[in-house]
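Good morning, colleagues. Please look at the sequence and the structure on the screen, and I shall then take you through several of its regions.

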Amino acid sequence: MSRLLARRPVTALAVCAAALALTAPAAAAPEPVTAPAAVLPYQDASLPVPDRVTDLLSRMTLDDKLGQMTQIEKDALVPQSDLAAYRIGSVLSGGDSTVSPNNAQTWADTYDSLQRTALATPLGIPVIYGIDAVHGHNAVRGATLFPHNIGLGATRDPALVQRIGRAVAEEVSGTGIDWDFAPCLCVARDDRWGRTYESYGETPELPSALTTFVTGLQGDTLGAGPAPVLATAKHYLGDGGTAGGVDQGDTRLSEADLRAVHLPPFKEAVRRGVGSVMLSYSSWNGVRSHANTYLVTDVLKGELGFTGFVVSDWAAVDQLDGQSGFTGAEIATAVNAGVDMVMVPHDYKKFLTLLRGEVTAGRIAPSRIDDANRRILTQKFRLGLFERPLTDRSYTATVGSAAHRELARQAVRASQVLLKNDGGVLPLPKSARLFVAGKSADDIGNQSGGWTVGWQGRSGPVTDGTTILQGIRAAVTDPSRVTYDRYGNGIGSGYHAAVAVVGETPYAEGRGDRPGGLGLDQEDLQTLARLKASGVPVVVVLVSGRPLDVSAQLPDWKALLAAWLPGTEGAGVADVLFGDHAPTGKLPVSWPRTSAQEPVNDGDGKDPLFRYGYGLTYSGAGPTPTPTPTPAACTARLRTVASWPGGHQAEVTVENTGSAALTGWSVTWDLGGTRVTNLWNGSLTTAGGRATVRNTAANGLLPPGGTTSFGFTAEGSAATPAPDCAGS
Ligand code: GLC
């Protein structure tokens with residue numbers, strides 16, 4: 001039987017012939033492609049995608065169409081031929097789905113086998129295969145693991161995040177897989193939430209700015225460049241804003257505040273052409289996102305103009321009626337709300353029976369089925385799946401490549417946030433005699449966190465990489481002068497410093513919710529006590545998915561470096577510890593004084609331990625800007641970005657128009673009877689009908705020509721005040 005062509009530019013004709021050959025009996029030698037089969041319009045790559053979709057839809061049966069709306073877990077597909085028999089349109093690997101042996105080659109072979117089965121159907125519609133590559137191709141042992149999103153938020157570097165997206169796309173493509181359930185564009189507002197580390201930050205600005213990951217995955221135009229992978233903006237809408245940070249909980253906000261805080265990143269992702277959106281398990285004011293027609297159809301597809309497809313979350317449809325298992329009514333509710341593809345993910349036979357029943361009973365209109373199919377097929381055509389259905393093996397070697405690991409190490413460096421550095425104890429001398437302790441000093445699993453070769457991740461040598469201790473030993477002049485004991489046993493005098501690498505062990509989703517507090521665990525506290533008793537200066541490296549409650553211990557530490565969840569390239573932490581790279585990271589979330597202070601966010605008037613945007617560097621690190629003796633001057637431009645009956649949202653851009661760096665600014669305007677209800681990236685005071693917004697710690701420093709922005713929502717119609725700006 002002739003092998004299907006690999007994912008290289010081939011004509012539809014060749015693929016069509018190859019697909020037909022799949023149904024032919026195994027021939028002694030590949031049949032030469034002689035008289036080309038008639039290429040049907042949907043198989044003609046020279047035609048516009050909308051025309052191909054229309055032609056294909058016209059040839060599809062109802063079962064073909066219902067199958068395209070069905071996504072199943074790879075391991076639930078028994079027998080594999082059901083993929084064709086039930087016309088399944090999508091397969092996924094959930095968090096614990098794997099292959100054996102777990103390596104890129106086996107993943108690619110598995111993908112190609114499934115794809116060949118799918119292509120052996122009358123219309124030969126390829127499957128689209130999705131996976132959570134949320135900090136690298138993390139299901140695959142040996143893949144490059146980048147810092148989790150909270151660390152990338154600390155870099156404040158959209159271009160770096162785009163490069164990471166491109167690297168992830170290459171590794172994902174090297175295993176055949178076409179669709180990444182990333183980036184999470186959640187705006188984490190309460191650090192007790194178990195998915196805080198999946199967020200780029202607590203303000204809408206950071207996730208919005210870092211939607212460059214979408215472009216990294218997809219390319220500027222999906223399918224126009226090499227190794228495109230469909231991106232997923234998730235989880236729509238408000239997953240990071242639930243009361244108490246309860247995963248899958250209820251986000252209780254006015255529409256104005258929901259729009260102001262949680263919608264902007266999705267708006268930006270849609271502007272970037274994101275191909276899919278995954279809904280959130282959570283609810284908004286008691287209505288589950290998977291049942292919210294207003295948010296999904298009216299706002300996302302209507303107002304934002306999203307033309308990709310909406311996928312439900314894992315078994316989320318089952319939750320709608322509060323009973324286990326899914327029903328026809330739940331399926332109809334979700335599909336009519338705007339879900340185009342259902343992540344079932346197991347009982348596909350029951351699902352398809354119920355879905356067909358809802359259509360034939362008239363509770364789901366054929367037009368809704370066709371709209372869902374049009375959206376799904378459009379992305380499959382744009383991805384090039386019909387022309388290049390199989391793995392492009394030229395990318396398989398990129399999995400865990402040296403180039404990607406170097407990029408990841410760069411990202412680790414840029415994500416480090418220095419929060420304390422008494423007496424300039426950092427950077428450490430490479431000749432120093434050091435004692436290293438802590439459960440996460442030599443543990444690739446802890447430094448990688450959840451979603452690492454398994455849904456929850458785990459401690460220990462889970463994959464290939466460099467631990468923080470290995471990075472330290474590689475950086476110093478004489479490794480024999482570095483002593484390590486996980487618990488701090490054996491420390492005595494004579495050490496220049498003790499480096500304690502402590503924090504959290506891996507978790508994912510709700511299992512990471514910490515309603516009881518964010519303190520260090522007992523092992524860490526005991527280790528730190530031993531180090532403190534020795535009198536040796538203590539440098540703490542915190543490996544965690546969020547800020548932890550360390551106020552009580554902080555006075556005993558000479559330095560504190562937030563390392564977040566760096567992934568496989570722990571040497572990036574050592575690069576900063578020894579000063580090869582000065583720390584440049586800025587907090588992507590406010591750091592609470594105590595867990596009781598949660599939720600604590602920029603501009604909410606609370607007084608955190610460290611403010612959003614805070615981060616130190618090394619004194620003498622790089623040339624300090626010489627102030628030029630001219631008056632500070634700035635302008636403020638107000639732009640209404642959205643309005644609705646009785647309210648509006650605005651963004652104000654502050655520009656340093658002088659030739660001296662500003663160390664702060666304030667903007668004042670006449671409220672004109674409106675009332676500011678929410679504000680971000682600034683601190684608000686009002687008096688005499690006028691509003692004054694001052695800079696936060698994060699955005700006070702403005703170089704000449706530099707700009708920053710703040711935003712607000714307000715009750716009342718949008719006036720067009722001319723804000724005054726005063727620099728300092
Ligand atoms: C999970 C997560 C979602 C993920 C999906 C598939 O429950 O909520 O982020 O993409 O299931 O693994």
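I begin with Asp318, which is buried but forms no salt bridge: Lys350, the nearest side chain of opposite charge, is 7.6 Å away. Buried here means under 20% relative accessible area, exposed means over 50%, and partly exposed lies in between, with a 1.4 Å probe and protein chains only. A salt bridge is a side-chain nitrogen of Lys or Arg within 4 Å of a carboxyl oxygen of Asp or Glu. As for charge, Lys and Arg count as positive and Asp and Glu as negative, while His and the chain ends are not counted.

This is a predicted model, in which local features need pLDDT of at least 70 and side-chain atom pairs count only at pLDDT 80 or more, whereas totals for chains, interfaces and linings use all residues. Residues are numbered from 1 along each chain as its sequence is written, and side-chain values use heavy atoms, with hydrogens and water left out.

Asp318 is located in the loop between strand S10 (309-311) and helix H13 (328-337). Helices (H or I, at least four residues) and strands (E, at least two) are DSSP runs, numbered from the N terminus. Which residues are in contact with Asp318, leaving aside its neighbours within four places in sequence? They are Gln323, Gly325, Phe326, Glu330 and Val344, where contact means heavy atoms within 4.5 Å.

Let us turn to the ligand. It is surrounded by 13 residues, and the closest are Asp132, Arg195, Lys234, His235 and Asp313; a residue is counted if one of its heavy atoms lies within 4 Å. Polar side-chain atoms lie 2.5 Å from a ligand oxygen atom in the case of Asp132, 2.6 Å in that of Asp313 and 2.8 Å in that of Lys234.

Next, the strands. An open sheet of three strands has the order S6-S8-S9, with mixed pairing. Strand S6 (250-251) and strand S9 (287-288) are at the edges and have a single partner strand each, so one side of each is left without a neighbour in the sheet. S6 and strand S8 (residues 283-284) run parallel and are joined by two bridges; two strands pair if DSSP finds at least two bridges between them. Asp250 has Ser283 in S8 as its bridge partner.

Elsewhere, strand S12 (residues 417-421) has five of its five residues buried. Its pairing with strand S17 (residues 559-562) is antiparallel, over four bridges, and Asn421 stands opposite Ala559 in S17.

In the loop between strand S16 (538-543) and S17 we find Ser544. Is Ser544 buried or exposed? Ser544 is buried, with a relative accessible area of 1%. A polar atom of the Ser544 side chain lies 2.7 Å from the backbone oxygen of Arg546. Not counting residues up to four places away in sequence, Ser544 touches Glu504, Trp564 and Leu565.

Helix H11 (residues 264-271) is mostly covered, with six of its eight residues buried, including Phe266 and Val270. Among the elements covering these buried residues are helix H12 (293-303) and strand S19 (647-656). After H11 comes Gly273, with a positive phi near 85°.

Thr293 belongs to helix H12 and is partly exposed, at 35% relative accessible area. Beyond residues up to four places away in sequence, Thr293 touches Asp298, Asn336 and Ala337.

Terms used
Polar contact = N/O pair within 3.5 Å; in protein donor to acceptor, adjacent residues only side chain to side chain.
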